[in-house]
Amino acid sequence: MGLRETKKQQTRTAIADTALLLFLEHGFDRVTVAEIARHAGVSTNTVFNYFPTKEDLFFDRQDEVEHHLAALVDPLPPGACCPAAAVRDDLCAALRRADPAIGLAPGSAAFFRTVEASPALRAREREIGERTEAALATALAARPPETSLAPDAPLLAGALSGLHRATLRELRRRVLAGDPPAAIAADLTAAATRAFAPLCTCAAR
């Protein structure tokens with residue numbers, strides 16, 4: 001990455017970090033883009049150059065999230081026997097290591113409360129889920145002919161992404177309820193393992 005791109009990334013990160021602090025303190029709907037720009041020391045136009053909408057400032061990693069499941073199955077990693085196993089194993093590994101990306105870190109409860117309090121953020125979250133499922137379906141349909149899942153891709157993508165979302169919804173519920181992260185991780189790892197089992201083709205191969 002060149003110096004110009006490095007500086008652009010630093011500016012983007014600084015704006016997003018500033019925005020998140022303001023959103024968590026005051027609520028998403030009460031903070032304006034102009035306020036974010038002022039606190040970040042940039043112009044409002046600069047903010048919009050990096051983030052087309054205010055929702056993009058909150059979900060600043062949404063592109064990565066939307067393509068995460070697709071990347072797990074296209075191609076399958078070495079040793080993985082089926083798409084369901086790849087998604088399950090990645091999710092369980094994230095739970096076991098208390099990955100901040102899924103919400104098992106200090107401060108996650110404040111993040112989740114901010115989402116729950118904002119209709120705009122809840123709507124964007126649903127859109128992210130829909131795009132995640134669509135990307136996964138595309139990846140499943142595009143696999144090599146010998147492992148093609150094209151006819152089943154939309155249904156399998158819906159099932160896998162649905163289980164993934166359901167696990168993270170339960171994680172959110174328990175984080176907001178104040179349950180210990182270690183207990184959440186252990187319980188949901190076991191639950192996800194059971195839930196994904198009927199979708200896994202490992203036993204048939």
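**Helix H1 and the chain around it**

Modeller: In this predicted model, the 24 residues of H1 should span 34 Å at 1.5 Å a residue, and its end C-alpha atoms are 35 Å apart, which agrees. The expected span is 1.5 Å times one less than the number of residues; helices (H or I, at least four residues) and strands (E, at least two) are DSSP runs, numbered from the N terminus.

Colleague: Which residues of H1 are buried?
Modeller: Ile15, Ala16, Thr18, Ala19, Leu22 and Phe23 are buried, where buried means under 20% relative accessible area, exposed over 50% and partly exposed in between (1.4 Å probe, protein chains only).

Colleague: What covers them?
Modeller: The cover includes H2, helix H3 (44-50), helix H4 (54-58) and helix H8 (108-116).

Colleague: And what follows H1?
Modeller: Gly27 does, with a positive phi near 95°.

Colleague: How many helices and strands are there in the chain?
Modeller: The protein chain has 11 helices and zero strands. Of its 205 residues, 37% are buried.

Colleague: Changing topic, what is the mean pLDDT?
Modeller: The mean is 91, and 92% of residues reach 70 or more; pLDDT is the predictor's confidence in each residue, from 0 to 100.

Colleague: What conventions apply?
Modeller: Residues are numbered from 1 along each chain as its sequence is written, and side-chain values use heavy atoms, leaving out hydrogens and water. Local features need pLDDT of at least 70 and side-chain atom pairs count only at pLDDT 80 or more, while totals for chains, interfaces and linings use all residues.

Key:
Contact = heavy atoms within 4.5 Å.
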